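Visitor: I have a model open and would like to go through its architecture and side-chain contacts. Could you take me through them?

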Amino acid sequence: MRVALLGRNKLGLVDGSCTKDKFPEILWNHWERVNAIVLSWIMNSVASGLLVDGARSFNLHKEIATLNQGTASVSVYFSKLKDLWEEFEALVTFPGCDCAKSRDFVIHLQKLKLFQFLMGLNDSYSQARSQILLMSPMPTVNQAYAMIISDESQKTVAGSAGLLGANPANMSDQYEVAMYSRTGGN
């Protein structure tokens with residue numbers, strides 16, 4: 001395993017010499033993706049009985065529960081959350097049957113993901129969050145993400161409308177205004 005990681009220039013992700021905080025914040029999402037690839041290589045090459053580590057499961061669950069949007073965009077926040085969910089699901093085995101209890105359990109887990117996503121959003125999305133929680137039936141986490149992205153886009157457009165939607169009559173003192181009139185002969 002060590003030789004394979006060294007050959008792919010990924011050993012630093014495992015031995016701790018290549019940590020996310022050593023890179024500019026703009027590259028953190030890329031680091032997370034590379035780290036997820038390395039984790040999937042390790043998980044696919046280790047016997048499944050050795051994979052489930054209580055400490056790792058605990059830490060993943062803690063990261064998921066405490067992750068919030070902060071200064072990141074909604075899409076960056078959601079991508080991080082999805083990466084954590086995928087890693088957690090790779091560690092924890094879920095019922096494989098198609099019985100009613102299993103389906104109910106999957107629905108419950110999907111609802112928990114929706115709640116986790118909504119809880120981590122900034123307070124500026126409180127109105128959209130409330131509207132999503134009032135929906136019946138509750139949307140999937142992907143549907144809620146699409147609604148929040150739409151809300152984020154509307155906020156961005158509204159924020160830039162100050163310049164685009166300004167009244168030109170009120171702006172004549174800020175800009176030189178010229179008018180052109182064409183009269184028949186010239």
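Visitor: Before that, what should I know about the model and the numbering?

Guide: This is a predicted model, in which local features need pLDDT of at least 70 and side-chain atom pairs count only at pLDDT 80 or more, while totals for chains, interfaces and linings use all residues. Residues are numbered from 1 along each chain as its sequence is written, and side-chain values use heavy atoms, with hydrogens and water left out.

Visitor: How many helices and strands does the protein have?

Guide: The protein has nine helices and zero strands. Helices (H or I, at least four residues) and strands (E, at least two) are DSSP runs, numbered from the N terminus.

Visitor: What percentage of the residues is buried?

Guide: Of the 186 residues in the protein, 23% are buried. Buried means under 20% relative accessible area, exposed over 50%, and partly exposed in between, with a 1.4 Å probe and protein chains only.

Visitor: And the contacts, what share joins residues at least 24 apart?

Guide: That share is 62%, taken among contacts between residues at least 6 apart in sequence. Contact means heavy atoms within 4.5 Å.

Visitor: Let us turn to H8. Which of its residues are buried?

Guide: Helix H8 spans residues 126-134, and Ala128, Arg129 and Ile132 are buried there. Seen down the axis of H8, these buried residues fall within an arc of 100 degrees, so they line one face of the helix. The arc is that of the directions from the helix axis to the C-beta atoms. Gln127 and Leu134, on the other side of H8, are exposed.

Visitor: At what angle do H7 and H8 cross?

Guide: The axes of H7 and H8 cross at roughly 165 degrees and come within 10 Å. That makes H7 roughly antiparallel to H8. Axes are lines fitted to C-alpha atoms, for helices over the stretch in contact, with angles from 0 to 180 degrees between N-to-C directions; angles over 145 degrees count as roughly antiparallel.

Visitor: Which residues make that contact?

Guide: Leu114, Phe115 and Leu118 of H7 meet Arg129, Ile132 and Leu133 of H8.

Visitor: Where is Met138, and what does it touch?

Guide: Met138 lies in the loop between H8 and helix H9 (141-164). Not counting residues up to four places away in sequence, Met138 touches Lys111, Leu114, Phe115 and Leu133. The C-alpha atoms of Met138 and Leu114 are separated by 8.9 Å, with the two residues 24 apart along the chain. Met138 is partly exposed, at a relative accessible area of 32%.

Visitor: New topic: how many salt bridges are there?

Guide: The count comes to four salt bridges, each being a side-chain nitrogen of Lys or Arg within 4 Å of a carboxyl oxygen of Asp or Glu. One of them joins Glu32 and Lys20, whose closest N and O atoms are 2.6 Å apart. This pair links distant parts of the chain: Glu32 is in helix H3 (residues 28-45) and Lys20 in the loop between helix H2 (11-15) and H3, 12 residues apart.

Visitor: Which residue does Lys113 pair with?

Guide: Lys113 forms a salt bridge with Glu89 at 2.4 Å, N to O. Lys113 belongs to helix H7 (residues 100-120) and Glu89 to helix H6 (residues 74-91), 24 residues apart. Glu89 is partly exposed at 33% relative accessibility.

Visitor: And Asp98, is that residue buried or exposed?

Guide: Asp98 is exposed, with a relative accessible area of 62%. Its side chain meets that of Arg103 in a salt bridge of 3.4 Å, N to O, and Arg103 counts as partly exposed at 42%.

Notes. Parallel < 35°, antiparallel > 145°, perpendicular 65-115°, else oblique.
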